[in-house]
Amino acid sequence: MKTLSIIGAGKVGKVFGRCFHQRSVFDITQVLNRHMTSSLAACQFIDVPAHVAVTGFTHLTPSDIWMLAVGDDQIAAVCDSLHQQNLLHAESIIFHCSGSKPSTVLSTAMLRGAAVASIHPVASFADPKHVAENFEGTICSIEGDPRALAALVPALSTIGARVAQISAESKLLYHAGSVFASNYLVTLLDTALRSYQAAGIPDELALAMAAPLARQSMENVFAMGASSALTGPIARGDMKTVIQQQTVVAQWDTNAGALYQAFVPPTQVLAAIKHHSEK
């Protein structure tokens, strides 16, 4: 069994660690976070002994595979540290978990001949325990060197992931899709709730109004496709209402007004597709 060392065992890192450990995919030998208390907590979550927690880079020992589940702005620096400690060599495999950064950001590892990759789980990690317990079927995108993929793709399959191979060049655009589907969706729903509240609707009732609309709309998109799921004034061709609403929204909140206006052109495109398909 290959050894795996985890640097940055936060929400993503410790979920992967727990899944790999439970399925006996890798032997997790080292966990390094910024603080020892965090490393120990990660070891407890993963269910590995406390001695697996490491106090610093100088205490790290060689490993077959390195997982860097650190912030995007720390990936290159951590890789450099491993390089400086002579922990990377031609047989090493190293991957990071960023959704937007390509594997080539691990350039110093490549100088040592190490195989590099990036793995990004398409999931919300607000509740790591829930994600770990329900990881089966989670889609993970992966790109990188063939040698790295030869080891990591089967590992992901063993823990129940659905693997989607992408290119390093498409990483940013791919991740933007996740941002739209998750992060910006939250922002959009927050704007909808605040709009209700600004119109005098109590908070609890605003939630009750928005929830079924949002859920049904998403279900319709996934069942029927986006254009068929589209309803509302633009779908009906009622641009007079759209213009009036945009003005009122902009007067209430400048950012919300800009957001409303930004959605008009792409929604008009969807409406045109919808009308064409219905002819």
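1. In this predicted model, M67 stands opposite F95, a residue of strand 4. The two strands concerned are strand 3, covering residues 65-68, and strand 4, covering residues 93-96; they pair in the parallel sense over 4 bridges.

2. Helix 2, residues 36-46, packs on the sheet and touches both strand 1 (3-7) and strand 2. The direction of helix 2 makes about 155° with that of strand 2.

3. The sheet itself is open and consists of 7 strands in the order 2-1-3-4-5-6-7, with mixed pairing. Its edges are formed by strand 2 (27-32) and strand 7 (162-165), each of which pairs on one side only. From one strand to the next, the twist averages 25°. In general, the strands of a sheet pair through backbone hydrogen bonds, in either a parallel or an antiparallel manner.

4. As to overall composition, the secondary structure of the protein chain comes to 12 helices and 7 strands. The C-alpha trace spans about 65 × 40 × 30 Å along its principal axes.

5. Of the 279 residues in the protein chain, 39% are buried. Considering contacts between residues at least 6 apart in sequence, 61% join residues at least 24 apart.

Key:
Residues numbered from 1 in each chain as written. Predicted model: local features only at pLDDT ≥ 70, side-chain atom pairs only at ≥ 80, totals over all residues. Heavy atoms only, no water. Pairing = 2+ DSSP bridges. Axes fitted to C-alpha atoms, helices over the stretch in contact; angles between N-to-C directions. Contact = heavy atoms within 4.5 Å. Buried < 20%, exposed > 50% of the residue type's maximum accessible area, 1.4 Å probe, protein only.
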